[in-house]
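This briefing is meant to be read alongside the sequence and the coordinates. Please keep both in view while going through the points below.

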Amino acid sequence: MATTPQAADATKATDATKTKTTAEVMLRRLHDYGVDHVFGVVGREAEAILFDEVEGLEFVLTRHEFTAGVMADVLARLTDRPQACFATLGPGMTNLSTGVATSALDRSSVIALAAQSESYDCFPNVTHQCVDSVAMMAPITKFSAQLERGADIVSLVDSAVLNSTTEPVGPSFISLPVDLLGAHVDGDLGDPPRVDAGQKVLIDPAWQDSVPRIARLLAEANGCDAVRATDRDALLEALRKGSELGRPFLIEVPVSYDFQSGGFDALDI
């Protein structure tokens, strides 16, 4: 049966709605995790990513990539949710790495993104402005990877967010070859996000089962070196649980404060 021109046009329109650029799919997935700002500086990859692809996600142009990393770091700590920053390739990425290091030291959930030379011309220290960004970011991030296929972008973002929000919280990094960033891929995002980005992921979800042993160790301890309590509510729940088990706590542990912590109110305990 012959296809009419009208039917052919309709088929093309339908196919167009099913495909999106890798950049748009990436930004949509980040937005699903609650990211509504991306701080950064764009370079020659601007043709591949305009940051106007997703409604409700705003690009904030900064004067320096380091500033973009710090802004994402601070906003992540204020909102207790992942935040994103972006840099162009080469020196732009190296500038961003200082802000990413700040995020690592501050224990904040930052998703750092940087453009990379085209996948067919990615030869670190040979191609113009091409460095091994994944290797450079690896020591200061919890997850560092490069996009190898446009179709992998959703799973790559999922892995970056999951690692970033798992205790101890810290930054993740994704390197984005320019040609793949602008390539068209299936617009279907698949399953919803695997984690609630607003909730930190505990390495052992069954930590409550360890409360009796923790209570015994605290009761028998002659002293305590240090406790890092990222989740205030989890620590308070452990104390209350111990009390319910007939192990009331008399806490006589020295407490120190750093410039970011507020400590515990004795009345809460």
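How many aromatic pairs does the count come to? The count comes to two aromatic pairs, and they are taken up below together with the other features of this model, which is a predicted one. The protein chain has 269 residues, of which 40% count as buried, and its secondary structure comes to nine helices and eight strands. Among contacts between residues at least 6 apart in sequence, 76% join residues at least 24 apart.

**Aromatic pairs**

- F51 and F59 form a stacked pair, with 4.4 Å from centre to centre and 20° between the planes.
- F51 and F86 form an edge-to-face pair, for which the centre-to-centre value is 5.2 Å and the planes stand at 75°.
- Because F51 lies in the loop between strand 2 (37-40) and strand 3 (58-61) while F86 lies in strand 4, this second pair ties together parts that are 35 residues apart in sequence.
- F51, F59 and F86 form one aromatic cluster, in which F51 and F86 are both buried; F51 has a relative accessibility of 5%, whereas F59, at 22%, counts as partly exposed.

**Nonpolar cores**

- The largest nonpolar core holds 35 residues, and within this core M26 and L176 touch the most other members.
- At least two residues of this core are supplied by each of helix 2 (22-32), strand 4 (83-87), strand 5 (110-116), strand 6 (143-146), helix 6 (153-165), strand 7 (172-177) and helix 7 (178-181), and the largest share, six residues, comes from helix 6.
- When neighbours within four places in sequence are left aside, M26 is in contact with I49, L113, I153, V157, L176 and L181.
- As general background, nonpolar side chains in soluble globular proteins tend to be buried together.

- Helix 2 is largely enclosed by the rest of the structure, because eight of its 11 residues are buried; the buried residues are T22, A23, E24, V25, M26, L27, R29 and L30.
- The elements that cover these buried residues include strand 1 (19-21), strand 5, helix 6, strand 7, helix 7 and strand 8 (184-186).
- Helix 2 and helix 6 pack at an angle of about 35°, with their axes 9 Å apart, and helix 2 passes helix 6 in a right-handed crossing.
- On the helix 2 side this contact is made by T22, V25, M26, R29 and L30, and on the helix 6 side by I153, V154, V157 and D158.
- Helix 2 is followed by G34, a residue whose phi is positive, near 95°.

**A buried polar side chain**

- D106 lies in helix 4 (residues 91-106), where it counts as buried at 14% relative accessibility.
- The side chain of D106 makes a polar contact, at 3.2 Å, with the side chain of R77.

**Backbone geometry and loop positions**

- D80 has a positive phi, near 60°, although D80 is a residue other than glycine; D80 is placed in the loop between helix 3 (65-79) and strand 4 and counts as partly exposed at 40% relative accessibility.
- R107, likewise a residue other than glycine, has a positive phi near 60°; R107 is placed in the loop between helix 4 and strand 5 and counts as partly exposed at 42% relative accessibility.
- The peptide bond from E167 to P168 is cis, with omega near -5°, and P168 is placed in the loop between helix 6 and strand 7.
- A151 is placed in the loop between strand 6 and helix 6 and is exposed, with a relative accessible area of 58%.
- A151 and A183 are 32 residues apart in sequence, while their C-alpha atoms are 9.5 Å apart in space.

Conventions
Residues are numbered from 1 along each chain as its sequence is written. This is a predicted model: local features need pLDDT of at least 70, side-chain atom pairs count only at pLDDT 80 or more; totals for chains, interfaces and linings use all residues. Side-chain values use heavy atoms; hydrogens and water are left out. A nonpolar core is a set of buried Ala, Val, Leu, Ile, Met, Phe, Trp, Tyr and Cys residues joined through side-chain atoms within 4.5 Å. Buried means under 20% relative accessible area, exposed over 50%, partly exposed in between (1.4 Å probe, protein chains only). Helices (H or I, at least four residues) and strands (E, at least two) are DSSP runs, numbered from the N terminus. Contact means heavy atoms within 4.5 Å. A polar contact is a pair of N or O atoms within 3.5 Å; within protein, one must be able to donate a hydrogen and the other to accept it, and residues adjacent in sequence count only if both atoms are side-chain atoms. Rings of Phe, Tyr and Trp (its six-membered ring) pair if their centres lie within 6.5 Å; planes under 30 degrees apart count as stacked, over 60 as edge-to-face and the rest as tilted. Axes are lines fitted to C-alpha atoms, for helices over the stretch in contact, and angles run from 0 to 180 degrees between N-to-C directions. A crossing is left-handed if the near helix is turned anticlockwise from the far one by less than a right angle, and right-handed if clockwise.
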